[in-house]
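Here are a few notes to read alongside the model. Have the 3D view open and follow the points in order.

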Amino acid sequence: MQLIAIINNKGGVGKTTSAVNLGAAFAEKGIPTLLVDLDPAASASIHLGLDKKNNEHQTLCDFLLSSDRVLSKFIYPTTFENLWCIPSEPALSEFYEELLQEEDVDFFIGREDFPEEYEIVLVDCPPNMGNLAYNALAISHHVLIPVQTQYLALTGLELTLKTVHKVQRHLNSELNILGYFGTHYDRRTNAAKEVYQLLREKFKEQVFDTVIGVNTKLIEAYQAQKPILSYASSARGAMEYRALAQEILNRLSGK
Ligand SMILES: Nc1ncnc2c1ncn2[C@@H]1O[C@H](COP(=O)(O)OP(=O)(O)OP(=O)(O)O)[C@@H](O)[C@H]1O
Ligand SMILES: [Mg+2]
């Protein structure tokens, strides 16, 4: 099992879109994949049709409140074969902070809580470096960092990297930066090209070759509550997430 946190403290860079569509791309290759929605905004849950408003399902909140804390009880299948999800809901942050105060523990979800049958576990993190993100980093093997290809995107990365380094020093020395990838890439603008170039100069081969372009089908897929791989299987966005997933798998297997 490989636990991968998708992080960037900047909002709207494409963490959730990437978590859902990379998850689907791994699943499409026959890899049992679990997406953990650690963001109280619950965007990944909604994207996968697990919107708390319309469903009776339980969420990570119920896991935190349960007496036995068996994580497998909160795993739901999605409409996409081989892709499962542990949904979130807005009350998560409040409950999490309360529990951290009440109980003398640092984290609530451990690596050992995940059933072994999932080969890849993707964690969609909130856009801040609070306690939920710390929990994700403390238990993950790898982090993936989506970077919006717009000016100032690199400056915004400092806090994310500072947090990763802090976690590596104090909590999880195994934590590996698997790589950075560009998102919202607008091929018509120089800004996108320049920012991608800067990313390459700074992080060298850690930057994936695949770049996720601006594609409105990704927004439509979110609205349709499906991964783009099933909503518009041959759309550019779907092809790019498949290519990125393959690059990630190559890196995971040391190719
Ligand atoms: N490549 C893309 N092309 C067009 N729209 C995109 C693309 N990637 C993401 N979006 C849209 O941009 C918005 C932000 O994306 P997303 O929710 O994935 O970012 P996020 O980093 O998870 O945001 P937050 O920090 O709020 O959790 C969403 O409306 C999403 O549909
Ligand atoms: Mg998100």
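1. A word on terms before the helices: an axis here is a line fitted to C-alpha atoms, for helices over the stretch in contact, and angles run from 0 to 180 degrees between N-to-C directions. Bear in mind too that this is a predicted model.

2. Start with helix H4 (residues 92–102) and helix H5 (residues 131–139), which pack at an angle of about 75° with their axes 10 Å apart. Angles of 65 to 115 degrees count as roughly perpendicular, so that is the label for H4 and H5.

3. Which residues make that contact? From H4 come Leu92, Ser93, Tyr96, Glu97 and Leu100, and they meet Asn131, Leu132 and Asn135 in H5. Sorted by class, the contact of H4 with H5 has four nonpolar residues, three polar and one charged.

4. Now look at helix H1 (residues 15–28) and helix H10 (residues 236–252): their axes are 9 Å apart and the packing angle is about 75°. H1 and H10 are therefore roughly perpendicular to each other.

5. On the H1 side, Thr17, Ser18, Asn21, Leu22, Ala25, Phe26 and Glu28 take part, meeting Tyr241, Arg242, Leu244, Ala245, Ile248 and Leu249 in H10. The contact of H1 with H10 divides into eight nonpolar, three polar and two charged residues.

6. On to the rings: how many aromatic pairs does the structure hold? There are five. One of them is Phe63 with Phe74, whose ring centres are 5.8 Å apart and whose planes are at 75°, so the pair is edge-to-face. Phe63 is in helix H3 (residues 60–65) and Phe74 is in the loop between H3 and strand E3 (76–77); they are 11 residues apart, and the pair links distant parts of the chain.

7. Another pair to find is Tyr180 with Phe203, which is stacked, at 3.9 Å centre to centre with 20° between the planes. Here Tyr180 belongs to strand E7 (residues 176–183) and Phe203 to helix H7 (residues 190–203), 23 residues apart, and this pair too links distant parts of the chain. Both Tyr180 and Phe203 are buried.

8. Last, a charge and a ring. What sits over the ring of Phe208? Look for Arg251: its charged end is 3.8 Å from the centre of that ring.

How values were computed:
Residues numbered from 1 in each chain as written. Chains lettered and ligands numbered in written order. Predicted model: local features only at pLDDT ≥ 70, side-chain atom pairs only at ≥ 80, totals over all residues. Heavy atoms only, no water. Phe/Tyr/Trp six-rings, centres within 6.5 Å; stacked < 30°, edge-to-face > 60°. Helix = DSSP H or I, 4+ residues; strand = E, 2+ residues; numbered from the N terminus. Buried < 20%, exposed > 50% of the residue type's maximum accessible area, 1.4 Å probe, protein only. Lys NZ or Arg CZ within 6 Å of the ring centre and 35° of its normal. Parallel < 35°, antiparallel > 145°, perpendicular 65-115°, else oblique. Contact = heavy atoms within 4.5 Å. Nonpolar A, V, L, I, M, F, W, Y, C, P; charged D, E, K, R; others polar.
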